[in-house]
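This report concerns a protein and its ligand. Please view the sequence and the structure together before reading on.

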Amino acid sequence: MTKTVLITGISGFIAKHCAVELLEAGYRVRGTVRDLSKAETVRATLTAYADADRLDFAEADLLADDGWGAAMQGVDGVLHLASPFPLAQPSDPDKLVRPAVEGTRRVFGAARRPSVGRLVQTSSVAAILAGHPREREAPYTEADWTIVDGPGVTAYERSKTLAEREGRAIAAEAGPSFHYSTVNPGFVLGPALDADVGASADLVLMMLRGKYPGMPRMSFPVVDVRDVAKAHRLALETSQPSGGRYLVASEPARMIDIARALRAGLGQEARKVPNRELPDFLVKIVALFDPAARSSVPKLGLHARFDNSQTREALGMDFIPLSESAPAMARSLIALGRV
Ligand code: NDP
């Protein structure tokens with residue numbers, strides 16, 4: 001029998017790719033949206049990439065109980081992706097922490113019914129890499145956790161860490177009959193399926209539009225969205241035991257590496273993309289006025305080395321390199337008329 005998978009936040013950049021991945025693999029997909037008026041736009045996008053006859057929608061908000069029980073009717077598995085992902089950090093961390101943590105409780109609460117055997121939660125490297133001592137040299141692995149009270153931890157990093165901890169605690173209570181895992185992606189690049197793109201694309205858009213005079217000396221793991229979608233499907237189907245934590249990233253990249261990949265892949269179309277790094281003192285001056293720059297100051301000069309050989313082996317994955325994923329995102333944004 002065809003299995004039905006609920007994708008929370010199906011209007012999101014990554015979730016739409018997950019929906020295509022699952023529809024192509026023969027699943028039925030139900031997607032939650034905060035407002036059903038968004039459903040037809042999502043359907044129109046997905047129809048261009050997969051057979052959307054096996055797609056339906058349910059309305060539910062992470063901040064309210066309504067709708068989650070109905071959304072879960074007849075569902076065999078869940079991909080829980082919905083969570084706010086902004087580029088700039090809010091002054092009140094609860095704007096991110098509340099939907100992330102309360103939303104996890106609501107989704108897991110509704111999923112605790114006999115039919116739902118599996119749940120994959122979309123966490124992040126933000127739940128792994130942040131708040132550690134600057135002098136740390138060992139590469140980060142799936143065994144590491146963000147130290148939420150550590151130096152320079154952002155509201156977003158806090159939200160992802162606390163939400164994953166909450167998910168793991170509920171799954172542990174549920175016992176082994178409820179199969180749980182997390183996918184922890186790096187910063188996601190790769191093609192956008194439509195013009196409703198999230199914060200990942202905002203960064204590349206601003207680079208293409210020439211909004212940055214240079215790149216801050218920052219580094220983070222990166223990954224292609226097509227690999228993130230595949231990892232979600234593999235985590236849903238895996239014969240690995242419950243509790244898996246999959247660090248999904250191709251390589252650590254400095255922001256200047258992303259800029260260089262865009263210039264190399266796009267030529268003239270990337271002429272406004274910066275080709276130099278900014279001195280730290282300039283970023284600190286900009287940070288006095290710009291909240292997006294402010295949250296990057298504690299990360300200046302850090303190099304996000306990681307070792308995800310465990311994930312590569314457990315899920316049998318290899319990753320699309322930055323040299324393909326960054327230009328692929330840029331080309332899609334140009335084709336969509338966003339630049
Ligand atoms: P998007 O901003 O594109 O998608 C976020 C989704 O969450 C949207 O569908 C949004 O709905 C939904 N959402 C936000 N707040 C609520 C709420 N209160 N109730 C219901 N739905 C809500 O982001 P991404 O696709 O990039 O991110 C998806 C997931 O992946 C998130 O969990 C994010 O933390 C994680 N992630 C993202 C990375 C990246 O680089 N992009 C890296 C690592 C992890 P609406 O359309 O209505 O706003």
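How many aromatic pairs does a search of the whole structure find? In this predicted model, the search finds 4 aromatic pairs.

## A tilted pair

One of the pairs joins Phe85 and Tyr156, whose ring centres are 4.9 Å apart.

Tyr156, with a relative accessible area of 14%, is buried, because the limit for a buried residue is under 20%.

## An edge-to-face pair

Phe108 and Phe178 make another pair, with ring centres 6.4 Å apart. Their planes are at 65°, so this pair is edge-to-face. Phe108 lies in helix α4 and Phe178 in the loop between α5 and β6 (179-185), so the pair ties together parts of the chain 70 residues apart in sequence.

Both residues of this pair are buried: the relative accessible area is 0% for Phe108 and 5% for Phe178. Together with Tyr180, Phe108 and Phe178 form one aromatic cluster.

## Charges over a tryptophan ring

Trp145 is approached by two arginine residues. The charged end of Arg165 sits over the ring of Trp145, at 4.0 Å from its centre. Arg245 also lies over the face of Trp145, with a distance of 3.8 Å from the ring centre.

## The surroundings of the ligand

Which residues are closest to the ligand? They are Ser11, Arg34, Lys38, Leu81 and Tyr156, out of 25 residues that surround the ligand. By class, this shell contains 11 nonpolar, 10 polar and 4 charged residues. Three elements, α1 (13-24), α5 (155-174) and β7 (187-189), each supply at least two residues of the shell.

A backbone N or O atom of Leu81 is 2.8 Å from an oxygen atom of the ligand. For Val188, a polar backbone atom lies 2.8 Å from a ligand oxygen atom, and for Ser83 the corresponding distance is 3.2 Å. On its own, the ligand has 900 Å² of accessible area, and the protein covers 90% of this area.

Conventions: Residues are numbered from 1 along each chain as its sequence is written. This is a predicted model: local features need pLDDT of at least 70, side-chain atom pairs count only at pLDDT 80 or more; totals for chains, interfaces and linings use all residues. Side-chain values use heavy atoms; hydrogens and water are left out. A residue is near a molecule or strand if one of its heavy atoms lies within 4 Å of it. A polar contact is a pair of N or O atoms within 3.5 Å; within protein, one must be able to donate a hydrogen and the other to accept it, and residues adjacent in sequence count only if both atoms are side-chain atoms. Accessible areas come from the Shrake-Rupley method with a 1.4 Å probe; for residues, only the protein chains shown count as cover. Helices (H or I, at least four residues) and strands (E, at least two) are DSSP runs, numbered from the N terminus. Ala, Val, Leu, Ile, Met, Phe, Trp, Tyr, Cys and Pro count as nonpolar, Asp, Glu, Lys and Arg as charged, and the others, Gly among them, as polar. Rings of Phe, Tyr and Trp (its six-membered ring) pair if their centres lie within 6.5 Å; planes under 30 degrees apart count as stacked, over 60 as edge-to-face and the rest as tilted. Buried means under 20% relative accessible area, exposed over 50%, partly exposed in between (1.4 Å probe, protein chains only). A charge sits over a ring if NZ of Lys or CZ of Arg is within 6 Å of the ring centre and within 35 degrees of the ring normal.
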